[in-house]
Amino acid sequence: MKPTEIAVPDYFHKVVDCQWACPAHTPVPEYIRLIAAGRHDDAYMVNWESNVFPGVLGRTCDRPCEPACRRGRVEDQNKEKPEPVAICRLKRVAADNKGDIRERLSAAPEKMNGKHVACVGAGPASLTVARDLVRSGYQVTVFDQDPRAGGMIRSQIPRFRLPESVIDEEVGYVIDAGVTFRGGVRINSMKKLLAENFDAIFVGSGAPRGRDLDVPGRKDAAKNIHIGIDWLSSVSFGHITKIGKRVVVLGGGNTAMDCCRTSRRLGGADVKVIVRSGFDEMKASSWEKEDAMHEGIPILNYLVPKEFLHTKGKLTGVVFEKVQAVYDDRGRRSLVPTGEPDEEHPCDDVLVAVGQENAFPWIERDCGIEFDEWGMPVVSEVTMQSSLPNVLFGGDAAFGPKNIIWAVAHGHDAAISIDRLCNGEDPEVRPPPMVNLSNQKMGIHEWTYDNDISNDLRHRGAALSELRCANRICVAALH
Ligand SMILES: Cc1cc2nc3c(=O)[nH]c(=O)nc-3n(C[C@H](O)[C@H](O)[C@H](O)COP(=O)(O)OP(=O)(O)OC[C@H]3O[C@@H](n4cnc5c(N)ncnc54)[C@H](O)[C@@H]3O)c2cc1C
Ligand code: SF4
C-alpha cells in the first residue's frame, strides 16, 4: 500500500471533508461548534474571514461542501434519503443571530504601503480582493458600471431569496474598510486603465451576457421574449414590475428557477419551465427545483423549442419538438425526436434562460493579454494571472460562470498573488490552503503542532442530528 503523503500540506486539510470541499475552505466544524455554544458573533467572524459574505452565502451558496459532509455517509447506512448537516443554512443562523460585530472587522491600517490596485467590477470576486488587500495596506479602487456595489449578488439574485439589507450590510463592510468605490464608471479600455500605472489590475467583470435562442419568430415577437439575466436585473433595479399572465421559461439552470419564481411574484398566474433535457440532468440545484415546484410551477422536460408563434408581432405561444434521450455504446447521450406531434404552449411572455457567456469588448486584443479560441483570457488556475503578470482575473470572468463562493476563492488567490508580485516574490509559490492574505490562521503549523486537545463542555443542542437538513433546522435547539 502506498504510504500517505503527509509531507504534502493538502493531506491535513482533506481530513475535514466539508472544509476541503468549500472552495474558500471555510472552517465548517469550528463555526458549527460555535453556533452550538450560542457564540453567533464568533461563528460569524470565522465565516467572514474565509468567505467574506456569510449572510449572503447562508441564503444562496451553491453548497459544494454539503455533498462532502460525512454525516451523509453515516445516514446512508440508516435512512432512505441521506442528508448532510445543513452547513449553508447554519451560516445564516450565525449571521441573523449575531450582534454588532463592526468593531471586530479589520480596516485599512493608518499607514498604507504606497501600492495601488484597480478592480474592474464590484462583484464578490473584486470585493474579496479589495477586502484582503486593503487590510494589508494597499490602496484599492473598485470600478463598476452599476451605481452600487455587489455585482450579480445585487443585480440578479431576486430579493425574495436575498434581502437587500443583507447585501448592503456585507458589501458595506468591505467598502467601509477603506476601499475607494467608483460606481457608475464603466471601464471601456484596458489600454487606458493600464496607462494609469496601477501596480496591479484585477478583472472581476463577471459573465454578463445571456445566451439567446435563434429559432423562427424570435425577431418578430421580440417585444415579449426576454433574456433571463437582463430581465432579472431590470426587476432588481425596479425597471420592470409586471409580466403577462402566461409565462414560459426556457432553460433548466438556477437562472430559470429565479425567472419563474420572480414571474410568479410579478403577476404570472400560469408559469411553466420547459427544458430540453431530462429532470435529473437539469443544472439547477435540487433545492431550487423543489422551491419552484412548491410554488406550483410545473417543470416540463424533453421539449426542444422550435418556433415562437405570433400574431402581427404579438407573441402567442411556443412550439416544441418532443425528444427522448438515447445513449450510445460509450454511454454518451443524445436527444432525438420521438416522432410524436409537436406540442404548443400558449403564452404572453417568454424568458430565455439557456446560459451565460463572457464578454470582454473593452479589452483590446493587442494590449498583451492572451485570449483563447473561445474568447476567454488565458488565466493561471494557481495565481489567477493573465499573460500580463500584473493583470489578474477571477470569478466568472476567469473561467466562465460559476458561483459566489468560487468568486470569493479566486479573489483570495488573486490577492495573495498581487501581494507577492508587489513584494518582488514569486506568485507561483503559494501558502498552504486556507491561508488567505489577511488571515494566516489555519496554516499547516496550526494543524500539525498546535492541535491540543481541548476539554470543551458538551453544549445543549450540539447533537448534529438537530442541525441536519436545510429545511428542518431547529434554530431554537441551537440556543
Ligand atoms: C439569476 C442568477 C442567479 C444566481 N444565483 C446564485 C446563487 O443563488 N448562488 C450563487 O452562489 N451564485 C449565484 N449566481 C451566480 C453568481 O451571481 C456569480 O457567479 C457571481 O456573482 C460572480 O461574481 P463575480 O465577482 O465574478 O462577478 P459579478 O457578480 O458578475 O460582478 C461583475 C460586476 O462587474 C461589472 N462590470 C462588468 N464589466 C464592467 C466594466 N467594463 N466596467 C465596470 N464594471 C463592469 C458588472 O456591472 C458587475 O457588477 C447567480 C447568477 C444568476 C445570473
Ligand atoms: S461558503 Fe458555501 S461551500 Fe463554503 S462552507 Fe459555506 S455553504 Fe459550504
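User: Which hand does the β-α-β unit of S7, H13 and S8 have?

Analyst: In this predicted model, S7, H13 and S8 make a right-handed β-α-β unit. The term applies if, with the strands pointing away from the viewer, the path from the first strand over the helix to the second runs clockwise. S7 spans residues 246-250, H13 spans 254-265 and S8 spans 270-274; helices (H or I, at least four residues) and strands (E, at least two) are DSSP runs numbered from the N terminus. Residues are numbered from 1 along each chain as its sequence is written, while chains are lettered from A and ligands numbered from 1 in the order in which they are written. Local features need pLDDT of at least 70, side-chain atom pairs count only at pLDDT 80 or more, and totals for chains, interfaces and linings use all residues.

User: How do you know that S7 and S8 pair, and in which sense?

Analyst: Pairing requires that DSSP find at least two bridges between two strands. S7 and S8 have five bridges, in the parallel sense, and therefore meet the criterion. Within S8, Val-273 is the bridge partner of Val-249. S7 is also joined to S14, which runs parallel to it, by four bridges; there Val-249 stands opposite Leu-351, and Leu-250 stands opposite Val-352.

User: What makes S6 and S9 edge strands?

Analyst: The open sheet has five strands in the order S6-S14-S7-S8-S9, with parallel pairing. S6 and S9 (299-300) each pair on one side only, hence their description as edge strands.

User: Why is S7 called mostly covered?

Analyst: A residue is buried if 20 or more other C-beta atoms lie within 10 Å of its own, exposed if 12 or fewer, and partly exposed in between, with C-beta atoms placed from the backbone. Five of the five residues of S7 are buried. Arg-246, Val-248 and Leu-250 point one way, Val-247 and Val-249 the other. In a regular strand the side chains alternate between the two faces of the sheet.

User: Is Asp-100 buried or exposed, and how do you know that?

Analyst: Asp-100 has 7 C-beta neighbours inside 10 Å, so it counts as exposed. Asp-100 is found in the loop between H7 and S1 (116-120). Its C-alpha lies 8.0 Å from that of Asp-41, although the two residues are 59 apart in sequence.

User: How do you know that H8 is largely enclosed?

Analyst: Eleven of the eleven residues of H8 are buried, so H8 is largely enclosed by the rest of the structure. Among the elements that cover its buried residues are S1, S2, H9 and H16; contact here means C-beta atoms, placed from the backbone, within 7 Å.

User: What puts the buried residues of H12 on the same side?

Analyst: In H12 (residues 228-236), Gly-228, Ile-229, Trp-231, Leu-232 and Val-235 are buried. They cover an arc of only 160° around the axis, which puts them on the same side of H12; the arc is that of the directions from the helix axis to the C-beta atoms. Their cover includes S5, S6, H13, S14 and S15. Just after H12, Gly-238 takes a positive phi of about 80°.

User: How many residues surround ligand 2, and which are the closest?

Analyst: The shell around ligand 2 holds 14 residues, the closest being Cys-22, Thr-26, Cys-61, Cys-65 and Cys-88; a residue is near if its C-beta atom, placed from the backbone, lies within 6 Å. Helix H7 (residues 87-97) gives the largest share, three residues. Around ligand 1 there are 40 residues, with Gly-121, Gly-123, Gly-151, Gly-206 and Gly-395 closest.

Technical notes
Contact = placed C-beta atoms within 7 Å.
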